[in-house]
Amino acid sequence: MATVSIRSVRKAFGSTEVLHGVDVEVQDGEFVILVGPSGCGKSTLLRMIAGLENITRGEIAIGGRVVNNVAPKERDIAMVFQNYALYPHMTVRDNMAFSLKLAKAPPAVISDKVGRAADILGLTPYLDRYPRQLSGGQRQRVAMGRAIVRDPQVFLFDEPLSNLDAKLRVQMRAEIKDLHQRLKTTTVYVTHDQIEAMTMADKIVVMHAGNVEQIGAPLELYDRPANLFVAGFIGSPAMNFFKGRVESGAFRFDGAQLPLPRAAPGVNGASVIYGVRPEHWQLSADGIDAVVHVLEPTGSETQVMARIADTPVVCAFRERITAQPGESIRIAPDPALVHLFDEKTGVRLN
Amino acid sequence: MDASTWVPTRTPPNLLARLFDYKPFLICVCLAPALGLLLVFLTYPLGLGIWLAFTDAEIGRSGSWVGLENFDSLMEDRVFLNAVWFTVFYTAAATVVKFALGLWLALLLNHHIPFKSIIRAIILMPFIVPTVLSAIAFWWIYDPQFSILSYVLVDVLHWRDTYIDFLGTPWAARWSLIAANIWRGIPFVAITLLAGLQTISPALYEAALLDGASPWQRFRFVTTPLLMPILAVVLTFSVLFTFTDFQLVYAITRGGPINSTHLMATLAFQRGIPGSQLGEGAAIAVAMIPFLVLATLLSYFALARRKWQQGPENE
């Protein structure tokens, strides 16, 4: 187990820079998720930690040792690949034992470690099968088994669940989290799925276009997104944004007005973006009019796509909604849970 | 009639249409061209060749059935036995070198190296030159007086005092032919193995790298087993092509000196057409069949698809 320090790391492919100075500190035993849209550089960063890509500038340290010039196999890390990268010509047992055999471990040690990993992952009945005889979830487990037997200082996961169907993904999500709680190995996990990030991480690193947008605990990012990008990326359905001005103690747009959050000093007269999460709208008699377009009852809640003046808005209510499309409902945001962002820089104001 | 009252009229299909809807008829019609081609161009010549092997036919004389007489006489024919031996040796030596060099080139081209596409084009060259043309070029390269190899070794590098008589002595001629065959066969091996290498996911090499495998171990434990299926197919084809080679030998040495470089194919032609002993020539050609079947079966069983490739999804 070890810490991972990423200090002002830059990566360029030819003249194209894809990472513009990234700083991340991963504590010992922490489960850190790098999340961001495709092409944000998160997988590149992971591959740099693994040693599969070299580091253009900056440094990466694992357990206090700078590994910029250390070969991948000397870094004491194990990686689970997106397509699992299982050796198709080896049985599950041989796949898991491969690294130990290369390290010339005694056969007794190999069979003990493989047996234990298979036990943890429920793979014991499948040890003599070939990867092609396994289901997607089982292959995923073998890939994790291959990482576990090595007893590495750091686990690296590169979008490990993206090839699984939705149901299996939820199940494996819980299994990976459970595994981490049992093994307590430092883990760096890459995904583009913010739900995965929110549910599994101790700490989330939100990346966008080669930069770190925000680092924090899942609920911290949800409650206090540092900028517009994080606000729009974290949370599903996404946050509603309104463009307008702050005038005489209220936010005004399209002829409508919304209440300001309490802690927003010095924004009077400013052009701002006002953000409300769909679940933070309430039905309220003294709210503003919204015309309902589409209703999506899911049982536990009802999602309403509506329009305030010309601005589309998504609301999620715990109550059952009886309004029909075309009718108006009166809604109001909870002022304590409203987010204000600078219109130009996108930085959080409250 | 307007759009609301119009209905499409259905005419009953005519006799021809119904005939073509009749499956057995359709199957026969569709198979006929392929079967015809096979009969005319494959079964008939092969059958005729096998029939001729059991007759004493000569050019201009249709011959009569003589049973195994042709084969009996071949068994005591030193030139024939020598040709069998040299065919096996030629195939073995050329195949080993072709695969060693072909695999090496394929591995090289599978990496990012400068001028990759130019090198790939150069490698393909022996393949696109007609064999007889390249054979004539080799004939010049191996010429006793004008050989460029001799010129370089003697006059440029001064490594030798005398010109080499490539095609004048049996062993020099044999090795010269094998070298020409290797040159001719490498592109096929290199390009097909390169195609095989490119089917191996780069992630497997990365996984092996992280598992701590050295370059040799990655080749030994990842590349080799995953390349085996395609290697088996390429090996089979290469052996068949080399064993039945005719053009190179016939154009460069015509079997000489003193019949020392005859392959079974060139000897069969030599006896059958210029020598006009059709029956004997056919018998030599038929004698190749067991070797070819053996080579095919060997690669089929020894290098057949592995368990990890096929079989029921869950056993």
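**View 1. Strands S1 and S2 of chain A make an antiparallel pair over 8 bridges.** In this predicted model, the two strands form a hairpin with 2 residues between them. Look in the turn for Gly14(A), which has a positive phi of about 65°. Along the pair, Val9(A) has Val22(A) in S2(A) as its bridge partner. Strands here are DSSP runs of E with at least two residues, helices are runs of H or I with at least four residues, and both are numbered from the N terminus. Two strands count as paired if DSSP finds at least two bridges between them.

**View 2. Gly67(B) sits in the loop between helix H2 (23-53) and helix H3 (69-75) of chain B.** Is Gly67(B) buried or exposed? At 15% relative accessibility it counts as buried, because the cut-offs are under 20% relative accessible area for buried and over 50% for exposed, with partly exposed in between (1.4 Å probe, protein chains only). Setting aside neighbours within four places in sequence, Gly67(B) is in contact with Ala53(B) and Phe54(B). Trp51(B) is 16 residues from Gly67(B) in sequence and 9.9 Å from it in space, C-alpha to C-alpha.

**View 3. The largest pocket holds about 570 Å³ of space.** Of its 16 lining residues, Asn110(B), His111(B), Pro202(B), Tyr205(B) and Arg218(B) lie nearest the centre. Helices H8 (170-198), H9 (202-210) and H10 (215-243) of chain B are the elements that give two or more residues to this lining. By class, the lining has 8 nonpolar, 5 polar and 3 charged residues. Nonpolar covers Ala, Val, Leu, Ile, Met, Phe, Trp, Tyr, Cys and Pro; charged covers Asp, Glu, Lys and Arg; the others, Gly among them, are polar. On a 1 Å grid over the protein atoms alone, a pocket is an open set of points where a 1.4 Å probe fits, with protein on both sides within 12 Å along at least five of seven lines, and lining residues have an atom within 4 Å of a point. Points are joined across faces, edges and corners, and the volume is the space filled by probe spheres set on them.

**View 4. The second largest pocket holds about 290 Å³ of space.** Its lining has 15 residues, and Asn181(B), Arg184(B), Gly185(B), Phe241(B) and Thr242(B) lie nearest the centre. H8, H10 and helix H11 (247-252) of chain B each supply at least two lining residues, with the largest share, 5 residues, coming from H8(B). The lining divides into 5 nonpolar, 7 polar and 3 charged residues.

**Notes for all views.** Residues are numbered from 1 along each chain as its sequence is written, while chains are lettered from A and ligands numbered from 1 in the order in which they are written. In this predicted model, local features need pLDDT of at least 70, side-chain atom pairs count only at pLDDT 80 or more, and totals for chains, interfaces and linings use all residues; side-chain values use heavy atoms, leaving out hydrogens and water.

Key. Contact = heavy atoms within 4.5 Å.
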